[in-house]
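I opened this notebook to keep track of what I looked up in one structure.

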Amino acid sequence: MTDVLIFQTPDNGDVATNDLGLIMTDSIESAFYLSLFGGNEDGSTWWGDVDTLDPANKYPSKTQTILRAGTLTTGRLLDIEDASRLDLKWSLDKGAVSSLKVVATMPGLNKVLITVSTESDTFLFEWQAEQ
C-alpha cells in the first residue's frame, strides 16, 4: 500500500513534499492520520464513508471530535486514548497490524501528543488546540 505522506501542522494537516513533488510512503502512517484527524468539522461522517451503507464500515473520527470539544486537560487523556483506539481498531480488524498501543500525553499547554505503536513502527501525532 503506497499513500501520500500526511502530517499534522498547526493549522491542520498537510501533505509532505520535496523538490520532486509529493512524498509517498509504504507505511500505515497516513491511514492512521486520517483515522484520527480526518473527520468533518461539523461532526458529520468522514468524507471517505460517503458510499458506505453499512454503519459497521463507517469510520468517524472520535479522536478529532474529543480534541476539539472543550479544554485540553490531563484528565481527558484517557478519553483521548480510548477514542484513538476506537478510530484505529480497523487496522487490527483488517489485519493491517497485529498489535496496537496508544498513549496520549500533554507535552505543553494546549498540546496533546498521541503515540501509536504497532509491532514494527511508532508514530507520533501532535495536536495543538486553537487558542
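The entries below go from the whole chain to single residues.

**Entry 1: the whole chain**

I noted before anything else that this is a predicted model. I then went through the secondary structure and found three helices and nine strands in the protein chain. I wrote down their order from the N terminus as β-β-β-β-β-β-α-α-α-β-β-β.

I looked up how much of the chain is covered. Of its 131 residues, 37% count as buried. The accessible surface comes to about 7700 Å², and carbon and sulfur atoms account for 55% of that surface.

I also looked at how far apart in sequence the contacting residues are. Taking contacts between residues at least 6 apart in sequence, I found that 42% join residues at least 24 apart.

Where does helix 3 bend? I found the bend at Asp87, and its angle is about 40 degrees.

I looked at what comes after the helix. Helix 3 is followed by Gly95, which has a positive phi near 80 degrees.

**Entry 2: what covers helix 3**

I listed the buried residues of helix 3 as Leu77, Ile80, Glu81, Ala83, Ser84, Asp87, Leu88, Trp90 and Ser91.

**Entry 3: salt bridges**

I recalled a general point before searching. Side chains of opposite charge can pair when their charged atoms come close.

How many salt bridges does a search of the whole structure find? It finds three.

I took Glu81 and Arg85 to begin with. They form a salt bridge in which the closest N and O atoms are 3.6 Å apart. Both residues lie in helix 3, four residues apart, which is about one turn of the helix.

I then went to Asp82 and Arg85. Their side chains meet in a salt bridge, with 3.0 Å from N to O. These two also lie in helix 3, but three residues apart, again about one turn of the helix.

I noted that Glu81, Asp82 and Arg85 are linked in a network of salt bridges. Glu81 has a relative accessible area of 11%, so it is buried. Arg85, at 34%, counts as partly exposed. Asp82 is at 42% and therefore counts as partly exposed.

The remaining pair I looked up was Asp93 and Lys89. Their side chains meet in a salt bridge at 2.8 Å, N to O. Both residues lie in helix 3, four residues apart, about one turn of the helix. Asp93 is exposed because its relative accessible area is 53%, whereas Lys89, at 41%, is partly exposed.

**Entry 4: Asn110 and Thr118**

I looked for Asn110 and found it in the loop between strand 7 and strand 8. Its phi is near 60 degrees, a positive value in a residue other than glycine. Most residues other than glycine have a negative phi. Asn110 counts as buried because its relative accessibility is 18% and the cut-off for buried is under 20%.

I moved on to Thr118, which is in strand 8 (residues 111-118). With a relative accessible area of 12%, Thr118 is buried. Which residues does Thr118 contact, leaving aside its neighbours within four places in sequence? I listed Phe32, Val97, Ser99 and Leu100.

**Entry 5: a nonpolar patch**

Val15, Leu22 and Met24 make a nonpolar surface patch of about 260 Å². I looked up Val15 in particular and found it in strand 3 (residues 12-15). Val15 is partly exposed, with a relative accessible area of 34%.

Key:
Residues numbered from 1 in each chain as written. Predicted model: local features only at pLDDT ≥ 70, side-chain atom pairs only at ≥ 80, totals over all residues. Heavy atoms only, no water. Patch = residues over 30% accessible without salt bridge, like charges linked within 9 Å, V, L, I, M, F, W, Y side chains within 5 Å. Areas by Shrake-Rupley, 256 points an atom, 1.4 Å probe, with all protein chains shown as cover. Salt bridge = Lys/Arg side-chain N within 4 Å of Asp/Glu carboxyl O. Buried < 20%, exposed > 50% of the residue type's maximum accessible area, 1.4 Å probe, protein only. Contact = heavy atoms within 4.5 Å. Bend = angle between axes of the 7 residues up to and from the residue.
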